[in-house]
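Colleague: I am new to this structure. Please take me through one part of it closely, the place where the two chains meet.

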Protein chains: 2
Amino acid sequence: MEQYNSKEAYLSDLENRAALPVGFRCAAVTFNFVPAEKQMNAKMNLSLILADKPTEVFGAVYTKNSFPGNPVLIGKERLANKQIQGFLINNKVSNVCTPGGYETACALLDKMGAELGIDSQLLFPFSTGIIGWKLPFADMSSALPSLAAGLHNQSFLPLAQSIMTTDSFAKLRSATAGEGRIVGIAKGAGMIEPNMATMLCFLLTDIAITREELRQALAACTAQTFNAISIDSDQSTSDSAIIMSSCVKPSPGLKVFTEALQTVCAQLAEDVVRNGEGTGHVMRVTVEGDIPETVAAALGKAVVNSPLCKTAVFGNDPNVGRIIAAIGDYLGTNAIPVDQSKLTLTMGGIEIFKNKQFLLDTGKEQQLSAYLNDCKLDTAVKGYPQHNKVVEIGISLGGKAMRRSVLGSDLSYEYVKENADYRS
Amino acid sequence: MEQYNSKEAYLSDLENRAALPVGFRCAAVTFNFVPAEKQMNAKMNLSLILADKPTEVFGAVYTKNSFPGNPVLIGKERLANKQIQGFLINNKVSNVCTPGGYETACALLDKMGAELGIDSQLLFPFSTGIIGWKLPFADMSSALPSLAAGLHNQSFLPLAQSIMTTDSFAKLRSATAGEGRIVGIAKGAGMIEPNMATMLCFLLTDIAITREELRQALAACTAQTFNAISIDSDQSTSDSAIIMSSCVKPSPGLKVFTEALQTVCAQLAEDVVRNGEGTGHVMRVTVEGDIPETVAAALGKAVVNSPLCKTAVFGNDPNVGRIIAAIGDYLGTNAIPVDQSKLTLTMGGIEIFKNKQFLLDTGKEQQLSAYLNDCKLDTAVKGYPQHNKVVEIGISLGGKAMRRSVLGSDLSYEYVKENADYRS
């Protein structure tokens, strides 16, 4: 169990895994600007990740939102390109459905390419932040030379910090596979119920595999990692996960590579939930039974997305009736037949519901309260996760043919506060 | 526009419409008890609504939740009965999936019937409150004689107050139709996204129509009233709306009756949202276009249920990008094809989005902020609604073949607070 008692201890742990894979450089700069849409002083971080040479081995998954940001539109087009070399990333403004936003993003990549002396088609854009605002083109352009000048091949940690918006701590994970490594960073703290990829996630590896294998591995990993988390049920217009390889280390085989990638993605996904806006508890709902995978996943989401389940967990209040209500809401609304007499419900391993009845008494009430309290994250503590504990909720519908877990967070004052005036 | 500046002013307005229809009596009592599941002092209100004579003219709609409360199970069975005469209602404990809960509810009706000297099959049970706790049978039984003794044919208002749980104010509406009247009361402040009926709603009328007409009218009214509201997207295990008629006044015809019933239901539905747990703004999302009714209704729900849209409205922050994100999330996830170039979005009549682009500037930003501020309800004010203003959000998808409105509430600190430890 990872336990941290300060931001420094956490960052030191991250630094231990933060070395860039061989063949990559990165840089980040910060500047101030005034948005065209609101009189205020805003701050933007601009980040660049660059492979030393163009590579054919890359892949990405993007949001299914019908109004994707311009970077998503451009990225989807460029997925068909022969090669890639880098990612240009900004926070604060997401460049979604803005007048001229597509052209602005392309023009920035052109300028970046010129600055680096490479074909701008080798660059992919990523933006996250407020939806509806325009990118501050002039300010961003002015920052590009210093971005190019700052490239280094050391730690990935400054990039993990630079892509943050309301994230309270940086998220960086790595794994080794044979002689090579996979290192990933992610950002995302609100508007998070990825449906295809996640918020923003950048994965780098030096392991030599083919483009097809890489894309296959990425697709296989996202379903049970990024696509199995939800902070607030809102799927962003900008969700993206992208990976590229410098291919300088020998491959340990696709299976080993995929397992290492799965580890990195699963850990980043859990980090994203733990760092959700105002997250006071991480919940994992595990659904098991002789049921279709879609039902298992959706039922888990129904529980982690129920505001009443979320607020009860936040309050360390084992109001477990709300879990049954959420399960019944999902099953009833979607007319999914299950044998109710086989349904069992547990929290922290403690049996709550069986044979169509609650199993509650004052002793169990105290046990469950203590369990929730023990899993609590202090939302006032910023800059690092205090521990890795998870509130485990188990739903069994009879049989063991399918088993899926969904991660989610509770619903706290802090979440409301952060989102009631996010832009100020 | 109804505007109130005190609880007294509001209750006085309610009293003006609170006379029971001819042929009905009601009563309410309160007592304290200690739940079997948690060491605490709890208070329960027990309410009785009784027709002077058994009537064949009644109808009800119930929750679609797969784990309905025992009162819902019993009520659904008794819908086939030849006659009805009354409703026995308790708050605080909802009697859902409790050991012996079905038998307990029936036993209470038997005792109530004996006390009243009528067949207990003429009574329908209703319970709302904590899910998973058992009804305090002995305490409830002891309260039945005073309930029977308290029956009167005057104001319905004490009943509207007695059925409340976390409701901050009583909800009572009436309409006349010809020589007769329809009077309804409702309770509900959380776990509210009715899918078939609503929370608890009791409707009484003295208008003589047939059972078939009455059930037809109730079904017609609920789709666009109770089924078109959502406070927190959680569909309760206890949602019920029931109506009975004493049939002592001549009928003005089914059309006029249905219109009057629709008025009462629509007003009660809006009252329920305005009195949602911690509601700081009421939102109405109106979706229009050449689209199926199911899409129009679901798209409206997607916006009013988006935590990010809700928190922005709570903060009087016109972060309208989140509305487009929520629309795109719903359309994309459900693979619903729309011509995006025809989509327009308005807030308070102000155009925000058109031709696939946002139409935002600093002037509009200020206008929208002022609009949201004007529609605000002070969540600290308890006991009455301050006004009837609504944040109007308009989504047009091209064409006018279909038009559906959904009412919802914002997401406030108060909501989290009320639900983080509801049971204490």
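Modeller: Between chain A and chain B, about 5,400 Å² of area is buried. Carbon and sulfur atoms give 58% of that area. Keep in mind that this is a predicted model. Chain A brings 64 residues to the contact, and chain B brings 64 residues.

Now the polar side of the interface. Between chain A and chain B, 12 residue pairs are in polar contact, counting pairs with both residues at pLDDT 80 or more. Several elements of chain A each supply at least two residues to the side that touches chain B. They are α9 (307-314), α10 (321-333), β14 (357-358), α11 (362-374) and α12 (413-420). Of the side of chain A that touches chain B, α10(A) gives the most, with 10 residues. By type, the residues on that side of chain A split into 27 nonpolar, 23 polar and 14 charged.

Next, the charged pairs. The rule finds 2 salt bridges across the interface of chain A and chain B. In a salt bridge, the side chain of A:Lys38 meets the side chain of B:Glu365. The N to O distance there is 3.9 Å.

One more residue, taken from chain B. B:Asn45 sits in strand β2 (residues 42-55) of chain B. B:Asn45 counts as buried because its relative accessibility is 12%, and the cut-off for buried is under 20%. Its side chain makes a polar contact with the side chain of B:Thr30, at 2.9 Å. Beyond its neighbours within four places in sequence, B:Asn45 is in contact with residues including B:Val29, B:Ile89, B:Gln161 and B:Met164.

Definitions and conventions
Residues numbered from 1 in each chain as written. Chains lettered and ligands numbered in written order. Predicted model: local features only at pLDDT ≥ 70, side-chain atom pairs only at ≥ 80, totals over all residues. Heavy atoms only, no water. Contact = heavy atoms within 4.5 Å. Buried area = accessible area lost by both parts, 1.4 Å probe. Salt bridge = Lys/Arg side-chain N within 4 Å of Asp/Glu carboxyl O. Polar contact = N/O pair within 3.5 Å; in protein donor to acceptor, adjacent residues only side chain to side chain. Helix = DSSP H or I, 4+ residues; strand = E, 2+ residues; numbered from the N terminus. Nonpolar A, V, L, I, M, F, W, Y, C, P; charged D, E, K, R; others polar. Buried < 20%, exposed > 50% of the residue type's maximum accessible area, 1.4 Å probe, protein only.
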